[in-house]
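Work through the exercises below with the model open. Try each task before reading its solution.

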Amino acid sequence: MRSRLIYLLLLALVIFPTTVHGVELGDMHVVKGIAALERGDDQTALTEFQTFLTARGKSELAHEVRFLAARAALNTGKIQQSLDYLTDLEARLPEIGDFILTLRAQAYRQLHTWAASLEAWKTFLERYDDSPLRKDAAF
């Protein structure tokens with residue numbers, strides 16, 4: 001999962017430069033957040049992603065950063081915040097829809113909202129029969 005997502009984010013950073021007169025407009029928060037995720041520091045990652053989204057929530061990278069923020073929020077126990085970040089992301093990031101549904105199902109499971117978790121897993125199984133995450137749905 002990491003390599004596919006990081007590749008997409010780095011590609012977006014290359015395609016959509018965000019500097020004005022040589023001054024960065026917030027992408028360093030994304031880079032710092034990804035680095036924090038890589039080293040397992042989800043709280044720092046979440047803070048960096050939130051800072052980016054506050055400043056540039058309408059940017060080209062906002063949806064990708066929302067996904068990363070949702071992952072960090074879930075890992076830090078901020079489950080409702082994670083679900084908020086995941087809202088409507090499948091439509092905006094169809095290339096990682098399987099990852100989005102998996103995170104949503106896990107979040108609902110942590111909230112003990114069994115029906116919603118089961119529904120997310122069912123949707124995942126219906127839409128992504130070739131996903132590498134299918135083994136996670138078996139649980």
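Predicted model: local features only at pLDDT ≥ 70, side-chain atom pairs only at ≥ 80, totals over all residues.

Residues are numbered from 1 along each chain as its sequence is written, and side-chain values use heavy atoms, with hydrogens and water left out.

**Exercise 1. The overall layout**

Task: State how many helices and strands the chain has, and give their order.

Solution. Start with the assignment: helices (H or I, at least four residues) and strands (E, at least two) are DSSP runs, numbered from the N terminus. The chain has 9 helices and 2 strands. From the N terminus on, they run α-β-β-α-α-α-α-α-α-α-α. Next, burial: buried means under 20% relative accessible area, exposed over 50%, partly exposed in between, with a 1.4 Å probe and protein chains only. By that cut-off, 45% of the 139 residues count as buried. Last, contacts, meaning heavy atoms within 4.5 Å. Among those with a separation of 6 or more, 50% join residues 24 or more positions apart.

**Exercise 2. The nonpolar core**

Task: Find which residues of the largest nonpolar core touch the most other members.

Solution. A nonpolar core is a set of buried Ala, Val, Leu, Ile, Met, Phe, Trp, Tyr and Cys residues joined through side-chain atoms within 4.5 Å. The largest one holds 38 residues, and F49, L53, V65, F67, L86, I100 and F124 touch the most other members. At least two residues each come from α2 (27–38), α3, α4 (62–75), α5 (79–86), α7 and α8 (114–127). Helix α4 gives the most, with 9 residues. In soluble globular proteins, nonpolar side chains tend to be buried together.

**Exercise 3. Helix α7**

Task: Check the span of α7 and decide why it counts as largely enclosed.

Solution. The expected span is 1.5 Å times one less than the number of residues. For the 14 residues of α7 that gives 20 Å, and the end C-alpha atoms are 20 Å apart, so the two agree. Now burial. Because 10 of the 14 residues are buried, α7 is largely enclosed by the rest of the structure. Those buried residues are G97, D98, F99, I100, L101, T102, L103, R104, A105 and A107. Just after α7, H112 takes a positive phi of about 65°.

**Exercise 4. Two arginines**

Task: Is R104 buried or exposed, and which side chain does it join in a polar contact?

Solution. R104 sits in α7 (residues 97–110). Its relative accessibility is 12%, so R104 counts as buried. A polar contact is a pair of N or O atoms within 3.5 Å; within protein, one must be able to donate a hydrogen and the other to accept it, and residues adjacent in sequence count only if both atoms are side-chain atoms. The side chains of R104 and E90 make one at 2.6 Å. Not counting residues up to four places away in sequence, R104 touches L83, L86, T87, D88, E90 and A120. At 15% relative accessibility, R56 is buried. Its side chain meets that of D27 in a polar contact of 2.8 Å.

**Exercise 5. α3 against α4**

Task: Describe how the axes of α3 and α4 cross.

Solution. Axes are lines fitted to C-alpha atoms, for helices over the stretch in contact, and angles run from 0 to 180 degrees between N-to-C directions. The two axes come within 9 Å and cross at roughly 145°. The contact includes F49, L53 and R56 of α3 and V65, A69 and N75 of α4.
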